[in-house]
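Here is a short report on a protein model. Please look over the sequence and the fold before reading on.

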Amino acid sequence: MKIIALVILLVTTIIGCHSPKVNTIHLKGQMADMGTQEVIMEYTGVTGDFGTSLNRIIKTDASGYFDTTFVLEQPTYFNISRNILYLSPGDDLEVYLTPDTRQATFKGKGSEAQLFLKDRLYPKGGSFLLSGRNVRENFEKTKEVVDALAASKLAQLDTLKGVTELFKENERIRVKANLLNSYLTYALYNKENAGASREEQRQWYGRFITSVTPDVNQLMREITKNEYLDIIDVRDVIVYNLDQAEFMQGVEITPEMREIKEALQVLAKLDSSTDPEVILNMEEKTKSFQHEGIVSELQEKIRNVKSLMTGQPAHEIIMTDVDGNEVLLSSFKGKNIYLDCWATWCGPCIQESPAFAALSEKYKDKDIVFIQLSTDNSRKTWLSYLKQKESVVPQFNSVDNEGLRVNWQVKYIPRFILIDKEFNIVESFAPRPSDPEITEHLDALLAK
């Protein structure tokens, strides 16, 4: 009996050494072309809209390989670049990820959910409309297409093996939210208004809303529940349409939903202003919220925004030049700085670039340096873009998450920053170079 007991103990020990604990996630594999060896795994639940405390950092070697474990108490959705992951306690996954989700591969325990999510739709692209590619000559024809795509996705989900019923339920609701978003964003992509006057477009839109409301209202009734708010596609479509009476008729709007919308309005103010009065008002508003995660993240946001006020020491940013040399933003101390945070994929950023170059020429004999800082994750993409375009200003790239996104709170681009010769903040949200008033700001800085 002692021998049998010893064998059982050894087998149990061996199994325990090769399987993750019940509440542990094991992830290993490679993440290619992410632009950094510290890759953010972004939490996408409600709290994730307001801050980064529930994000995780995955550290890789120079080739992108990694092997990590962490504790997770319940199934959770995360994003890595554009890849969406649904991780459950006990998952043991080998992955290959790039910014192109089509190239992703998954093996091991939990892979079935990830493979289903590879075809994740993007609400900002109109979900099933695929940025207009699935739009037909009118809404009726378009609806046939997107309805069929949604039905196919739901049928695939019904036959999916190796996933929990909770995952299936969440994804059914996500599909309905994507279908709802497809209906609502059709007006942005429609082909029915080509050449129409503004008044004709307004009249068409009124007719369209009337015709689509019954379908929208039915879907809203199905998805608008507190238990689905951690699904980002669901949360976005609910919160955005919360005050559309015709869509929400008969739908229960809970205090939690209202609070999320109000908190997002606070966040938007904090994302665009360092005015002391605005910060004080938002600080008071935050005290009225009940969601602990939202309150905690907004309080941290307020602390960060206060560090961006005029006169505060400028935050450091680690950058690399076109030759791969590391350069610190503070190395330009002694000169005034006008910093342009942009990316190759950002249309508005590209549109501002000629005005930025023109300003640099206008002030080339002045005591100010104009710097363009790409926030592209892919250094290869950035360099390829620069080869096609001559530049008259210093060019750098940065994937310094701590410096850019945490300290400087660069959430949206283009973003322009003014720093004085002592490396103190003048304006954290400076005017764009195309804005006529920028010359007044630059002249005032130089006259200090």
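This is a predicted model: local features need pLDDT of at least 70, side-chain atom pairs count only at pLDDT 80 or more; totals for chains, interfaces and linings use all residues.

The structure holds one cavity of 30 Å³ or more. Two elements each give two or more residues to the lining: strand 6 (83-87) and helix 2 (111-117).

The lining is made up of Arg82, Asn83, Ile84, Thr101, Ala104, Phe106, Gln114, Leu117, Lys118, Arg120 and Tyr122. By class, five of these residues are nonpolar, three are polar and three are charged.

Four strands form an open sheet in the order 4-1-7-8. Their pairing is mixed. Strand 4 (65-71) and strand 8 (105-109) are the edge strands. Each has a single partner strand, so one side of each lacks a neighbour in the sheet. On average, neighbouring strands are turned by 15° against each other, direction ignored.

Strand 7 (residues 92-97) and strand 8 run antiparallel, joined by five bridges. In this pair, Asp92 stands opposite Lys109 of strand 8.

## Val392

Where is Val392 placed? Val392 sits in the loop between helix 12 (379-387) and strand 13 (395-397). Is Val392 buried or exposed? Val392 counts as exposed, because its relative accessibility is 53% and the cut-off for exposed is over 50%.

Setting aside neighbours within four places in sequence, Val392 is in contact with Ala357, Ser360 and Glu361. Leu129 is 263 residues from Val392 along the chain. The C-alpha atoms of Val392 and Leu129 are separated by 40 Å.

Definitions and conventions
Residues are numbered from 1 along each chain as its sequence is written. Side-chain values use heavy atoms; hydrogens and water are left out. On a 1 Å grid over the protein atoms alone, a cavity is a set of points where a 1.4 Å probe fits but cannot get out, and a pocket is an open set with protein on both sides within 12 Å along at least five of seven lines; lining residues have an atom within 4 Å of a point. Grid points are joined across faces, edges and corners, and a volume is the space filled by probe spheres set on the points. Ala, Val, Leu, Ile, Met, Phe, Trp, Tyr, Cys and Pro count as nonpolar, Asp, Glu, Lys and Arg as charged, and the others, Gly among them, as polar. Buried means under 20% relative accessible area, exposed over 50%, partly exposed in between (1.4 Å probe, protein chains only). Contact means heavy atoms within 4.5 Å. Two strands pair if DSSP finds at least two bridges between them. Axes are lines fitted to C-alpha atoms, for helices over the stretch in contact, and angles run from 0 to 180 degrees between N-to-C directions.
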